[in-house]
Amino acid sequence: MTRRPPDPPSTGTVYADVVLPLALARTYTYQVPEEFVGQLQAGLRVEVQFSKNKHYAGIIRRLHGTAPGFKTKPILSVIDVEPLLTERQLELWEWMADYYCCTLGEVMTAGLPSHLKMASETIITLGPMFSDDITELDEDEYLIVEALTLQSELSLKDIRDILQRKTVYPVIRGLLDRHVIFPKEEFSDRYKPLEVKCVRFGPKYRTEAERISAFDLVSRSEKQTAVLLEYLDVSRKQPYVRRADLSKRTGASDAVIKALVKKDIFEFYDHEVSRLGGAEANARAGALSREQQEALGAVRGCHAAGKPALIHGVTGSGKTRVYLELMLEEIDAGRQVLYLLPEIALTGQITKRLQQVLGDKILVYHSRLNNMERVEIWKAVLSGEKSVVGPRSALFLPFTKLGLVVVDEEHDPSYKQQEPSPRYNGRDVAMYLAHQHGARSILGSATPSLESWENARSEKYGLVTMRERYGGTALPEMTVANSRETDDKGMHHPFFTPTLIENIRATIERGEQVILFQNRRGFAPVYFCPTCEWSVQCVNCDVTLTYHKYQHRLRCHCCGYVTSPPEHCPACGEVQLKLSGTGTEKIEDELKIFLPEARIARMDLDTTRGKNALGQLLQQFEVGELDILVGTQMVTKGLDFDRVGLVGVISADQLLRFPDFRADERAFQLMLQVAGRAGRRERQGKVIIQAHEESHPVLTDVLAADYENFIQREADNRRAHAFPPYRKMIRIQLRHPRRPTAEEGAKLMGKWLAYALGDLVEGPFEPSIARLRTYYLQDIVLRLPPHVAELKRVKDIIQRATDKLATTKGLSGVRVVVDVDPY
DNA sequence: AGCACGCCGACT
DNA sequence: GTCGGCGTGCTC
């Protein structure tokens, strides 16, 4: 990257405004010692002391000659030679801090890989690759390495003592760069290849004839014959056969399989399940369809007119193919591309496909990367050579030649960071980023959000529509099943209609797969006493605990609190406690009763928590080791499988009843997205939605796959009730461990805001979950006409009110959380 | 965010 | 008489 000329040292001392990785509102001004004057510029990291004993790696925001009206501390050392951040990134940080009402330090904390944010407490250890190349080390470095071989870990503070000098960061940085030492956390995060224990025919049984002869060898054993047959059956469908699977399916013990190995018929081996990365660039895949060709032209048209393009393309229309074409163009022209996806979709086939076509030109920025890999990507992006596919955090990478930004699944709520600050929406920040770089941008979805649709309607974005599924596959047949439906004996099941069960059965019999969607995890969300109606509440939050049958535990889905179910009701002593409500676990459980033969798996937060659990689950489903996948929202995202013949929505009512102004939009998106998982290639898929309220207008639109009708009506509703996107919404949440204090603070805050803003202020009121993680909550909501100048004024008012509250006796402990566009 | 300073209750 | 509770204010 080109070096910016250092700011000219004006008369006298030079000062540097430094951003610190703390939740501080402003930058802090340090004095630049004479010796550093020539080498400093914005974006470099420097070591500074902050308060008594703390040293941090801060980032220079700007250099100037204006002496502040207080004594300044000196910059202790310069960590980087070249800036680690670009001017644009610093501007982006400032914009985010400003727009989302948070501090620069909070943006910095979110935006820098922790490896680059050293502080005095950082613990370092000796790297595993260190091969006593002591000759390479200078005296200071040698001292550190020697200390580490004796003590294994040291804090930066220790190192300062060892070296007997104040400035140790440059030395540390040098060692880090050469991978001699590591910040400690990295070891916990080392990845290993995913391997599964498998069986295959031994070397003597490679040919068909040899294999047939194997049957003679085992003819005396019924079990071994069965295993052999099963093996042949499974191996026809899957590229590898798991040892555990084989015994499970045949009911044969592991000893039976071992016996076959002993006879040299089988052998064990570890099958390495493919991981992302290391792909070779292929030729461009297949030709564009006519519609894709047209869409491509339309997107180019938008870009030529300087507008972002919103692609509304039904699932399977091949939006990715269109993105790819444009991405290739940018990359060929030597520019960078940022392709954003919701986190979960990153595990899917899309990343693989991008890497197949773009090879090592594109890097996957994944939440599972370790620190070192993150820093490597950071540097590669800074050099302008690599493009990136990643979740919203990839927005913080130091792009220098950004030419195109793609936001796929732009409607997805997980683009919005909820906690902690900065509470930003990745899609919106992406648009700002593109604008900042003068880059083109594309938003894509099968169900565009109302905000984006409205932007297209008002011609801020260009709209590109793709209506056909690539290859002409028909859209799935969608039907609704009344939840009250009974079977031929007049029996009614609380969560499976006969229609759904019959269809599941038929689908599996055809050798196809089923996805069932239930938007709630666990077994039952309420554990209660039928006598006195007492129910188990979370100790930290104002919610009931969800029963998880598999672990026989009660869990809080807000804070993670776990406890054992009580033996009897503590209020009245009743011993027969009951469960109510339905989660994915229960669906899975009940389904096993109906379909004991089916291979069922569950996909929710609980089953995908482990490192490779999600990938493993998807892999299993992909190769056909599973018949039914029961899951939460997760199953609506990024799943792209050919053999899904049926998608079932267990309860549409549950989605539509949600008390939020976006409930309808969310429900519509979720249902249409999950429906899109059905029948992707030759075959038409089927979707069955169970509901009590069959004629709900949202359901009617879902069944007709009528986005236009839905979004038009939704827009009218929102406009009529003054909701976003026709109003700017800001939520101000006040939190305190004591309810009266939270209430008092909120009342006061509400009064001040109402004084300045009148009836734009609603509340304070208690949110539906009144206590969260031991804090009592109070909300104040502002709904403003969407004018930018107005917004600045409002944010100043909020800031002043927050400051005022912080200096009010007795209420200074009330935390104020501002959430801009809180949806 | 961390941390020191400071002003009110149960202890060696 | 002190130790320590956390409420308050500051860090260039």
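## Aromatic pairs in the model

Two rings of Phe, Tyr or Trp, the six-membered ring being used for Trp, count as a pair if their centres lie within 6.5 Å. In this structure, which is a predicted model, there are 20 aromatic pairs. A pair of aromatic rings is described by the distance of the centres and the angle of the planes.

One of these pairs is formed by Y231 and F266, whose ring centres are 5.0 Å apart and whose planes meet at 50°, so the pair is tilted. Distant parts of the chain are linked by this pair, since Y231 belongs to helix α7 (residues 222-237) while F266 belongs to strand β11 (residues 266-272), and the two residues are 35 residues apart. Are these two residues buried or exposed? Y231 has a relative accessible area of 8% and is buried, and F266, with a relative accessible area of 2%, is buried as well.

## An edge-to-face pair

For F661 and Y823, the ring centres are 5.8 Å apart and the planes stand at 85°; planes over 60 degrees apart count as edge-to-face, and therefore this pair is edge-to-face. This pair, too, links distant parts of the chain, for F661 sits in the loop between α19 (652-656) and α20 (663-675), whereas Y823 sits in the segment after β34 (815-820), 162 residues away. Y823 is buried, its relative accessible area being 16%.

## A cluster, and charges over rings

Ring pairs can also join several residues, as they do for W95, Y99, Y100 and Y432, which are linked into a cluster.

Two arginines are placed over the faces of tyrosine rings. R374 lies over the face of Y365, at 5.6 Å from the ring centre, and R392 lies over the face of Y424, at 5.7 Å from the ring centre.

## The surroundings of DNA strand B

Which residues surround DNA strand B? They are A23, L24, K54 and R815. Of the atoms of DNA strand B that come within 4 Å of the protein, 67% belong to sugar and phosphate.

When the residues of this surface are sorted by class, two are nonpolar, none is polar and two are charged.

Methods:
Residues are numbered from 1 along each chain as its sequence is written. Chains are lettered from A and ligands numbered from 1 in the order in which they are written. This is a predicted model: local features need pLDDT of at least 70, side-chain atom pairs count only at pLDDT 80 or more; totals for chains, interfaces and linings use all residues. Side-chain values use heavy atoms; hydrogens and water are left out. A residue is near a molecule or strand if one of its heavy atoms lies within 4 Å of it. Ala, Val, Leu, Ile, Met, Phe, Trp, Tyr, Cys and Pro count as nonpolar, Asp, Glu, Lys and Arg as charged, and the others, Gly among them, as polar. Rings of Phe, Tyr and Trp (its six-membered ring) pair if their centres lie within 6.5 Å; planes under 30 degrees apart count as stacked, over 60 as edge-to-face and the rest as tilted. Helices (H or I, at least four residues) and strands (E, at least two) are DSSP runs, numbered from the N terminus. Buried means under 20% relative accessible area, exposed over 50%, partly exposed in between (1.4 Å probe, protein chains only). A charge sits over a ring if NZ of Lys or CZ of Arg is within 6 Å of the ring centre and within 35 degrees of the ring normal.
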